[in-house]
Amino acid sequence: MMKRLLAFGMFAVCLTASASADPYDQLPSYGYPSEAAQQLNPYDAVPEVDPRWCRFGGYCPRPWGYRDEHREGHREEHHEGPKLPGMLGHETLLVDCGRAWHQDYDGERHESHHEGRREERHEGHRTVFFSIDEAAEAASPNATILIIPPGEGMTCVESVHIHKPLTLATYGGSGKAVIQAPPGKPCLTAHIPLGDSLIIDGVKFIARSRETPCVAVEAGHVTMRNSQVDSRGADWAFDVRESGELTLEQSRIETDFSGVHARRATVTLKNVDIDIAGRNGAAFLNLGRTDCLDRDGGTIHGSVGLALECSEGSVESTNIIGASIGILASSGTRGLRLTDVKLTKPDTGILLLPGQLGMVTVERSTITKARDGIIVAPGAESQITGNVISDNRETGITTFGAGALISNNKIVGAEDGIRMLASQAFPPPMFPDFAAIPIIDSDGGGPVVENNLIANAHHAGVRIDGRFGGAQHRLNGKLMGNTIYVEHGQCIDDDYNDDPVRVRANTCNRDHFNWLF
């Protein structure tokens, strides 16, 4: 009878231990459920590994193959770590940076002596790792690496290099896994075969270095979801090089310098927040050839939210607060579309530059409390439609002889609502360090400005000015069907419009427009 009671008591203890909270048995619980979590639901039970039991000399499965030598008999045993279920037919590896006390920081062999036992790490198959970089090196292509977040684990202080298609995701319910870059190094560098993808789901990156970006996409496709990048003091939060691809969704970038840079790349941004703290001087732009054929000439530094040079893709439902330039954009061959973008308190909201054969489309976006809302450089083919630009200090939209379509916008509150200037006057004085040689000249057609609401300008609703360098230059275009509200200034200032910018069918109201926003 006593034996039965004892056996029942041991069984109850085992049930209690297996039901206890363990970071290896939990699923991510951050805002948006990760795809990794969905694939692991229902999740197969993982054998429990209690680090406390290991530390006090008790037996536990080690996360690597190891040799257990005993003084008596020299018996050798080989164990493997807990097996994680695979996802979509691929293996799953676990990273717990909080258990790095097993490992030397220099990555060399770790030995410990405990009651005559010698533990030694060996190469071979493992399912639990102490660093993400080590797990990525050992993982097979398309494997999933799950990272224990701080609280259950610890911050992973390392520079991760990915050379194959993988998935990185948070594992546990206490928040996002955290990767902090060592001084002078990037958080993550992706150099993946073209056509393959790295997926990052629910991870936070931290960088404090001005020498390197936080995330560098050298080749391949990087998709980041439900994640956060804290790159204060960093060069760029993301740097996407030629032929790289970046998809950024449901994520946040916090920086006091610059957000995303892409050159001759493909970008897809949706539901992204970019917060740029304070003012760190002007943006320094040295773009080399504006057709982006000069691979070494283009450099951009300073406070820029998005710098998309000759890039393709879309930016949708993205919020940018601050920056010297909110978005710098020039199109690749297949075009670049900015939709439902909200920019608050930039110096220049959007700067459009000439690129390759595609067109930049800006639609249904909002620019508030900027110095200049949108600036269109010579040769930059663009469509600017359905936007709201309000409470700016200088201008709503400025075009330098470019072949742009500007229609159905609401421009309320500025010195001049729209300025149509000669291409020779570019760059404007607010870009003293701008260099782009050669600037592609206008196609001669000039901008088409039609069906806009322009209200409450202090000087002029529309200013047409072909002067530059003591001479007046040819300035073409159309100004038709606009509704203008000006209480004290001029509706249309065309004193320096000797050439035929066709002005007709515009409505001038000598009244203040009651703007509710």
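Mentor: The mean pLDDT of the chain (pLDDT being the predictor's confidence in each residue, from 0 to 100) is 78, and 71% of the residues reach 70 or more. Over residues 10-83 the pLDDT is below 50, although this stretch has 132 contacts in the model beyond near neighbours in sequence, a contact meaning heavy atoms within 4.5 Å. Residues 101-125 also stay under 50, with 51 contacts beyond four places in sequence.

This is a predicted model, in which local features need pLDDT of at least 70 and side-chain atom pairs count only at pLDDT 80 or more, while totals for chains, interfaces and linings use all residues. Residues are numbered from 1 along each chain as its sequence is written, and side-chain values use heavy atoms, with hydrogens and water left out.

Now to the disulfides themselves. A disulfide is a covalent bond between the sulfur atoms of two cysteines, taken here as a pair of cysteine sulfur atoms within 2.5 Å, and a search of the whole structure finds two.

One of them joins Cys97 to Cys156, with an S to S distance of 1.9 Å. The torsion about this S-S bond is about 100 degrees, so the disulfide of Cys97 and Cys156 is right-handed. Because Cys97 lies in the loop between β1 (92-95) and β2 (111-114) whereas Cys156 belongs to strand β6 (residues 156-157), the pair ties together parts that are 59 residues apart in sequence; strands (E, at least two residues) and helices (H or I, at least four) are DSSP runs, numbered from the N terminus. Both Cys97 and Cys156 are buried, where buried means under 20% relative accessible area, exposed over 50%, and partly exposed in between (1.4 Å probe, protein chains only).

Another disulfide joins Cys491 to Cys508, with 1.8 Å from S to S, and the link of Cys491 and Cys508 is right-handed, with 70 degrees about the S-S bond. Here Cys491 lies in strand β42 (residues 490-496) and Cys508 in strand β44 (residues 507-509), so this pair ties together parts that are 17 residues apart in sequence.
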